[in-house]
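Here's a quick briefing on a protein and its ligand. Have a look at the structure first, then go through the notes below.

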Amino acid sequence: MTEPKVVASRYANSVDRRRLWQAAIKWPMYAVAVMPVLLAAGWRLGQALPVRFDQLLLFLLAAVLLLAWENLANDVFDADTGVDADGKPHSVVNLTGRRDRVAGLANGCLLLGLALMALVAWRSSPAVLALVLACCGLGYLYQGPPFRLGYRGLGEPLCWLAFGPLATAAGLLALAPAGASGVPWRIALALGSGPALATTLVLFCSHFHQVDEDAAHGKRSPVVHLGTAAASGLVPWFVAGCLALQWAPVLLGQWPLTALLGVIGLPPARQLIALLQRHHGEPGRISGSKFLALRFQALNGLGLALGLALGRFTG
Ligand SMILES: C/C(=C\COP(=O)(O)OP(=O)(O)O)CCC[C@H](C)CCC[C@H](C)CCCC(C)C
Ligand SMILES: O=C(O)C1=CC(=O)c2ccccc2C1=O
């Protein structure tokens with residue numbers, strides 16, 4: 001594969017590389033990786049069940065490495081299709097001009113992340129590794145050849161599945177005492193569905209500002225399919241769906257009232273809805289919409305996890 005050095009030097013001369021590197025690392029994005037196991041910890045604490053903090057730390061580190069793999073591989077695969085050539089100066093491949101080294105780094109993160117997950121699984125349940133491998137499989141289907149399902153507008157359901165029931169079930173098993181039998185699907189679905197919808201909203205919002213580049217390169221994201229006006233009309237439904245899934249167990253008496261603490265995510269959600277309603281077709285004004293969605297995702301998830309844990313003290 002030819003190394004795209006020309007692209008790298010073009011950006012080197014024209015833009016602040018430090019800011020580009022910050023955009024490439026996008027550290028706030030790692031909130032999506034850590035949330036499933038933090039929710040699992042909050043739920044266990046609320047149930048007065050023990051939490052294995054060594055397992056929690058290992059799982060967090062492994063999840064961060066796996067998300068780093070997903071993002072570095074995304075830059076590699078998108079360099080191959082050309083979709084990042086003009087619209088994404090902060091692609092690590094564009095910044096370094098070294099496609100093959102970025103691919104090597106991505107594979108290193110994947111191997112290390114899976115090795116750590118194998119350790120977590122060895123100390124709890126083999127199902128942890130199977131579930132995380134399924135998450136990574138979905139991550140590959142999203143962007144890797146020959147599937148590239150994200151290019152066909154199918155990324156959002158994959159994202160919900162990975163960060164919802166699959167990763168949450170893995171987190172629940174990892175924190176439980178060794179030898180648990182069976183996957184706790186019912187709890188994982190109740191706990192992971194709402195927060196994973198918030199994570200899926202992050203992905204959905206990431207398509208708005210690049211709709212023209214995506215369409216030009218044959219990447220038919222949901223926003224390309226629907227158009228920016230109709231797509232922006234779906235954002236309030238994502239937020240409402242997320243809250244409904246989290247409030248239902250409270251109304252049914254299964255979760256404590258404190259689980260409503262997820263509402264601390266509402267201010268950025270309202271800002272996001274207003275921004276996209278007004279400016280959905282103006283890429284320059286909405287490039288930050290993904291990060292507003294991320295703030296909603298992070299505050300909503302942390303509020304829910306904390307609220308569930310506090311439920312232990314409120315009876
Ligand atoms: C890479 C993802 C989105 C970026 O997509 P896009 O190509 O539109 O971005 P750019 O335009 O900026 O190039 C996210 C894809 C998510 C995927 C469906 C599921 C990934 C699963 C993780 C690998 C699992 C993480 C571990 C788990 C235990 C938390
Ligand atoms: O770069 C991005 O746009 C995203 C990266 C990423 O890892 C992720 C994970 C889960 C939901 C959305 C996203 C992104 O949007």
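UniProt positions are given here in the numbering used for this structure, feature names are shortened, and annotations may be inferred rather than shown by experiment. With that in mind, an unreviewed UniProt entry lists "transmembrane region" for residues 27–45, 51–69, 102–122, 128–145, 157–179, 185–205, 226–248 and 294–313. This is a predicted model: local features need pLDDT of at least 70, side-chain atom pairs count only at pLDDT 80 or more, and totals for chains, interfaces and linings use all residues. Residues are numbered from 1 along each chain as its sequence is written, chains are lettered from A and ligands numbered from 1 in the order in which they are written, and side-chain values use heavy atoms, leaving out hydrogens and water.

**Confidence**
- The protein chain has a mean pLDDT of 94, with 95% of its residues at 70 or more; pLDDT is the predictor's confidence in each residue, from 0 to 100.
- Residues 1–12 have pLDDT below 50, and beyond near neighbours in sequence this stretch has 27 contacts in the model (contact means heavy atoms within 4.5 Å).
- Where pLDDT is low, the predicted coordinates should not be read in detail.
- For the complex, the predictor gives an ipTM of 0.98 and a pTM of 0.95.

**Around ligand 1**
- There are 20 residues around ligand 1, and Asn74, Lys88, Tyr142, Gln210 and Lys219 come nearest (a residue is near if one of its heavy atoms lies within 4 Å).
- The shell divides into 10 nonpolar, 5 polar and 5 charged residues; Ala, Val, Leu, Ile, Met, Phe, Trp, Tyr, Cys and Pro count as nonpolar, Asp, Glu, Lys and Arg as charged, and the others, Gly among them, as polar.
- H4 (53–81), H7 (126–143) and H8 (155–175) are helices that each supply at least two shell residues, and H4 gives the largest share, 5 residues. Helices (H or I, at least four residues) are DSSP runs, numbered from the N terminus.
- An oxygen atom of ligand 1 is 2.8 Å from a side-chain N or O atom of tyrosine 142, and for lysine 219 that distance is also 2.8 Å.

**Listed spans and backbone**
- Residues 102–122 are 100% helix and 0% strand, with end C-alpha atoms 30 Å apart (strands are E runs of at least two residues).
- A cis peptide bond, with omega about 0°, joins proline 145 and proline 146; proline 146 lies in the loop between H7 and H8.
- Lysine 26 has a positive phi, near 35°.
- Most residues other than glycine have a negative phi, and most peptide bonds are trans.

Methods: Polar contact = N/O pair within 3.5 Å; in protein donor to acceptor, adjacent residues only side chain to side chain.
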